[in-house]
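Take a moment with the sequence and the 3D view. The paragraphs below walk through them step by step.

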Amino acid sequence: MAPSVGNDRLCPWVDRAFWRHQPWMDHPENPRRLDTIVSALSRERLEPQPLGEDELPHRPEELPHLVHEASHVRRVFEAARRAPSLLDGDTYVSRGSLEAALRALAYSHALAVRAAEGRGCGFEFLLARPPGHHAGSRGAAMGAPSLGFCLFNNVALAARELLERLGGRVLVIDFDVHHGNGTQEIFYHDPRVVHVDLHQDPSTLYPGTGWPWDRGEGPGRGYSLNLVLPMGTGDDVFADAVKAGLEWGLEAAGGAPSGILVSAGFDAYVDDGLAGLRVTAEGFWRAGRMLAEASRRLGVPLLVFLEGGYTRGLERGARGFVRGILGRPQDIDKPTSSSRRVWERYREWKATALSPRV
Ligand SMILES: [Zn+2]
């Protein structure tokens with residue numbers, strides 16, 4: 001059974017170690033991202049804090065094994081010994097990277113424990129670096145060309161820990177503009193984790209996976225949903241996909257999941273830099289509102305994990321998102337509408353994704 005949400009607050013969490021994952025070349029995934037989102041949240045009177053050391057697991061170096069195979073864990077630890085080094089063309093390991101990645105996992109673990117024990121804030125927001133949703137069981141997931149800036153999968157670890165403690169099913173919703181291929185791979189055969197992923201058309205963006213007809217395999221069949229967003233998608237289509245994905249996910253989870261976990265990337269924001277959607281603060285605000293409403297109505301915790309978002313998305317999209325969660329109005333951006341072509345394309349893909357199981 002899911003614990004009731006005792007405390008209807010939004011708590012953002014950040015650790016100093018998250019700044020120590022540092023590229024030595026020009027790279028979009030850099031510590032300035034944290035400065036940007038921390039300052040955006042402070043404009044909403046939210047001050048990210050570190051968790052107490054007593055809340056964190058004692059042996060963080062054991063955590064990666066809970067969601068990754070030994071071969072991947074060994075590769076990251078070896079890269080850290082050789083640091084600065086590259087795991088692939090996209091993914092760097094600096095001297096502080098392993099500590100940052102293990103602390104991000106430790107925080108993910110601790111937030112799941114707090115939620116399971118009913119001592120969480122209700123709405124938790126982990127400003128993790130490095131991000132995690134591209135890290136699969138054995139590293140680069142589902143045939144992806146790289147780890148996409150990720151080392152270990154934070155949201156997957158929290159999902160596993162919640163299941164361990166509460167049983168039932170957990171719902172993971174990923175609205176980062178890229179497909180959460182690592183998370184999907186880890187749980188593809190597992191009916192206890194319902195995975196809903198919204199992302200830009202895979203034929204136009206890394207990692208190139210996440211098609212509407214991919215729905216899980218074996219006992220996990222029918223527990224993965226991929227909602228594909230055409231290039232140029234605006235706030236209207238984005239919000240429609242969040243709504244459809246949330247409704248589908250709650251039903252697949254059997255009504256009330258043990259937790260709602262969100263892989264929150266803000267790179268669908270217009271001109272954020274790495275993709276081609278036109279979402280503004282409005283789209284993220286509507287996502288925040290819907291997720292918080294479901295969490296309150298069902299009395300289940302909402303745990304949010306930062307994934308991507310590189311420039312304006314972190315500044316304006318993230319502010320819209322927390323305003324939505326907190327029930328504040330959206331006055332940051334003028335909403336964008338999608339063209340008829342975008343709607344048509346989106347509806348075709350959505351119908352395929354939602355068509356009855358075969
Ligand atoms: Zn992304």
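In which loop is Phe149 found? Phe149 is found in the loop between β6 and α4. Keep in mind that this is a predicted model. Phe149 is not a glycine, yet its phi is positive, at about 75°. A residue with 20 or more other C-beta atoms within 10 Å of its own is buried. Phe149 has 25 C-beta neighbours inside 10 Å, so it counts as buried.

Met142 is found in the loop between β6 (139-140) and α4. Met142 is not a glycine either, and its phi is positive at about 55°. Is Met142 buried or partly exposed? It has 17 C-beta neighbours inside 10 Å, so Met142 counts as partly exposed.

Now step back to the whole chain. Its secondary structure comes to nine helices and eleven strands. The radius of gyration is 18 Å, close to the 21 Å that the globule rule gives for 358 residues, so the chain is as compact as a globular protein of that length. The C-alpha atoms fill a box of roughly 50 × 45 × 40 Å along the principal axes. Of the 358 residues, 58% are buried. Contacts reach across the sequence too. Take those between residues at least 6 apart: 78% of them join residues at least 24 apart.

Next, follow the chain into helix α4, residues 154-166. This helix has 13 residues. From its first C-alpha to its last it reaches 18 Å, close to the 18 Å expected at 1.5 Å a residue. How many of the 13 residues of α4 are buried? Eleven are, so the helix is largely enclosed by the rest of the structure. Among them are Asn154, Arg160 and Glu161, as well as Val155, Leu157 and Leu166. What do the buried residues of α4 pack against? The list includes α3 (97-116) and α5 among the helices, and β7, β8, β10 and β11 (302-306) among the strands. Just after α4 comes Gly167, with a positive phi of about 65°.

Strand β7 covers residues 170-174. Five of its five residues are buried, so β7 is largely enclosed by the rest of the structure. Its side chains take two directions. Val170, Val172 and Asp174 point one way from the strand, Leu171 and Ile173 point the other way, and all are buried.

Which strands pair with β7? One is β8 (residues 193-200), in the parallel sense over five bridges. Here Asp174 has Asp197 in β8 as its bridge partner. Another is β10 (residues 260-264), also in the parallel sense, over four bridges. Here Ile173 has Val262 in β10 as its bridge partner. What lies in the β-α-β unit with β7 and β8? Helix α5 (residues 181-187) does, and the three elements make a right-handed unit.

Two cis peptide bonds complete the tour. One joins Ala83 and Pro84, with omega at about 0°. Pro84 lies in the loop between α2 (70-81) and β2 (85-86). Another joins Arg129 and Pro130, with omega at about -5°. Pro130 has its place in the loop between β4 (122-126) and β5 (135-136).

Definitions and conventions
Residues numbered from 1 in each chain as written. Predicted model: local features only at pLDDT ≥ 70, side-chain atom pairs only at ≥ 80, totals over all residues. Helix = DSSP H or I, 4+ residues; strand = E, 2+ residues; numbered from the N terminus. Rg over C-alpha atoms; globule rule 2.2 N^0.38 Å. Buried ≥ 20, exposed ≤ 12 C-beta atoms within 10 Å, placed from the backbone. Contact = placed C-beta atoms within 7 Å. Pairing = 2+ DSSP bridges. Right-handed = clockwise from strand over helix to strand, strands pointing away. Expected span 1.5 Å × (residues − 1).
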